[in-house]
Amino acid sequence: MCNKEYMVSKELHEECGVFGIATLGDETIDVREEVRYALYALQHRGQESCGISVNDRGVITTVKDVGLVPEVLTNEALETLPKGQIAIGHVRYGKKLNSAPLNAQPLFIRHANGTLSMAFNGQLTNAVDIRTEYQNKGIIFHTETDAEVIAYTIANERLNCNCIEEAVKRAMDKLEGAVSLIVMSPQKLIAARDRKGFRPLVIGQLPNGGYVFASETCALDVVGATFLRDVQPGEIVEVSEGKLSVYQEGVGDPTGLCIFEFVYFARPDSVIEGQSVHVARKRAGELLAKAYPADADVVIGSPDSGLEAAQGYAAASGIPYGTGLLKNRYIGRTFIQPMQSQREESVKIKLNPISATVKGKRVVLVDDSIVRGTTSKRVVKILREAGATEVHMRVASPKYTNPCYFGTDTGKKEDLIACKMTTEEIIKELGVDSLGYLSLEDMKKVAPDSHCKFCTGCFTGEYPIDVTKAFAEDKFSKKIENK
C-alpha cells in the first residue's frame, strides 16, 4: 500500500531550472560564480529554493536552502564551497507541504559505489510505484521529491553496471513522465532527457572548450557559452576527461515538449527547440488579433509574459501599443507562489497601473493565460480604478482546463476557472467587457521553427503518455485531504 504521508504531498509538482558546468580544468573559471550567474538567469523557473554542488577533484560539496538566489547563494555561502572543476545548480518551487530545506536541490547522496549529486526538472508519473518498491526493501526516504526517487533508482542500477552513465540509462528506462536531468559523479557530468522531451535542456560550450548544460539558452548567455544544440529527447550526454560524447542517442521523434514553455515559463530571450520564445509570443498575439479584434484605443500587456503577445496584437490590429502596467521587479511570479493566499497578496503589490496610458481609454489587455483567475481579476480591477472605460481581455493561449502531470503546478481540475465557468461567466467574474482566447489550432502555429511536436494536455486533456497512475494518485491525495 502507498505511504499516505507521501501521497498527500504527491500533488506538489515542480517547475524548476537546472544548470551544470565542466571547465576541463581551466583554473581561471570559478564554477561557483558561473553557476550562481546561471541561476540568476533561471530564477523565473523557481523561487522557492536553490542550491549549488561543486566537485573538487572527486569530492562533492553542496550549499542549498529555501529562498531566492541572492538570499541563499551569498558570497559567504559560496566561500564555503571549493573552487572546483565541475558544478551543478538548481532553482525550484514547491507548495506549502514540501517547502522545506530538505527538499531543495541539488540532491546529494552516498551510495555503494560512491557519490553523486543531481538536479532535476520535471515530474514522474510512476514515482509512487518506485518509491513504494524501495520502501518495501527497507530504503528510507528523507524528502518528498521525485528527485530522491530518481537518485535512488540511479544508485540501485549502479550496483549492477560498471559506470554511472549506464546506471543513468537504466534508470531512465524505468522512469515515466517528464525528466530533464543533470547528474554529477566524482569524475563526470551527465545530462539526460526523457523520450518525449517534456522539459527543455540545452548544451553550450565555453570559450576555453568546457561545456555547460542548462534548462534555457538564457543561462548560456550569462556565462559566455555558445549554444551547441538541444539535448535530444531520450538522449544521454556526458562530459568526461575533457570530451563531450553521446552515451545514448535520442529517439528522433520528439512529441511532448510542454507548449507552456512558449506561453509562460521560458524567458523571452531564450530559444527553445529552435524557436525564439519572443517571436513565438508575438506571433500568438498576431493570431489572437485576427481571431478576436476589438474596437479600442490602446493595447497593453500584462507583465512579463503577456508583453510580447500584446506587441503582436497591436501590430496586427493597428491599435497603438502602450505600457499600462508597471511590474514591481522584486516580487516573484504569482502563478508559482506556493499558496493561494500568497498569490493574492503578491498580486496586490506586484502590478501598478500607469493612469496616463489607460485613463479614459478603451483598453485591450493581453495576457499569456488564465489559470485560476486570481491575477486577471485583480489586474482588471486596478485598470478600472485607473480610469479605463472598457477592458477587453485577450488571452494568448486556449482555455486551461486540465491538470499538468509533467511538472507544472496548477492545482486540481476544480481549481481551474475555465472548468468551473463558461466564457460568459468568466467575463462577469473578471469584470471585463469581452474575452477572447487563442484557439488550439492557432496555438500550434506559434512555434513554426521548432524541431518538435508539443504536449497540449492542459488544453485538451490528451497527453503524450498514459497519466492514469498520476491521475489516480491525485484522486487518492484528495480523499486523504478531505478526511
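The structure holds 11 aromatic pairs. Rings of Phe, Tyr and Trp (its six-membered ring) count as a pair if their centres lie within 6.5 Å; planes under 30 degrees apart are stacked, over 60 edge-to-face, and the rest tilted. This is a predicted model, in which local features need pLDDT of at least 70 and side-chain atom pairs count only at pLDDT 80 or more, while totals for chains, interfaces and linings use all residues. Residues are numbered from 1 along each chain as its sequence is written, and side-chain values use heavy atoms, with hydrogens and water left out.

**Aromatic contacts**

- The rings of F260 and Y400 are edge-to-face, because their planes stand at 90°, with the centres 5.2 Å apart.
- This pair links distant parts of the chain: F260 is in helix α9 (residues 260-265), and Y400 is 140 residues away in the loop between β21 (390-395) and α15 (417-420). Helices (H or I, at least four residues) and strands (E, at least two) are DSSP runs, numbered from the N terminus.
- F260 is buried at 1% relative accessibility, and Y400 is buried at 2%. Buried means under 20% relative accessible area, exposed over 50%, and partly exposed in between (1.4 Å probe, protein chains only).
- Y264 and F265 also pair edge-to-face, at 5.5 Å centre to centre and 80° between the planes. Both Y264 and F265 are buried.
- Ring pairs join F260, Y264, F265, Y400 and F459 into a cluster.
- R131 lies over the face of F141, 4.2 Å from the ring centre. The criterion is NZ of Lys or CZ of Arg within 6 Å of the ring centre and within 35 degrees of the ring normal.

**Strand β4**

- Strand β4 (residues 86-92) is largely enclosed by the rest of the structure, because seven of its seven residues are buried.
- Both faces are covered: I86, I88, H90 and R92 are buried on one side, and A87, G89 and V91 on the other.
- Strand β1 (residues 17-22) runs antiparallel to β4, joined by six bridges. Strands pair if DSSP finds at least two bridges between them.
- Strand β2 (residues 49-56) also runs antiparallel to β4, with seven bridges.
- G89 in β4 is the bridge partner of F19 and of I52.

**Helix α14**

- Helix α14 (residues 374-385) has 12 residues and reaches 17 Å from first C-alpha to last, close to the 16 Å expected. The expected span is 1.5 Å times one less than the number of residues.
- S376, V379, V380, I382 and L383 of α14 are buried. They lie on the same side of α14, because they cover an arc of only 165° around the axis. The arc is that of the directions from the helix axis to the C-beta atoms.
- Just after α14, G387 takes a positive phi of about 110°.

**Salt bridges**

- The whole structure has 21 salt bridges. Each is a side-chain nitrogen of Lys or Arg within 4 Å of a carboxyl oxygen of Asp or Glu.
- E261 bridges to R199, with the closest N and O atoms 3.1 Å apart. E261 lies in helix α9 and R199 in the loop between β8 (189-193) and β9 (202-205), so the pair ties together parts 62 residues apart in sequence.
- E261 is buried at 0% relative accessibility, and R199 is buried at 0%.
- D304 bridges to K327, with the closest N and O atoms 3.0 Å apart. D304 is partly exposed at 32%, whereas K327 is buried at 13%.
- Salt bridges that share partners join R45, R199, E216 and E261 into one network.
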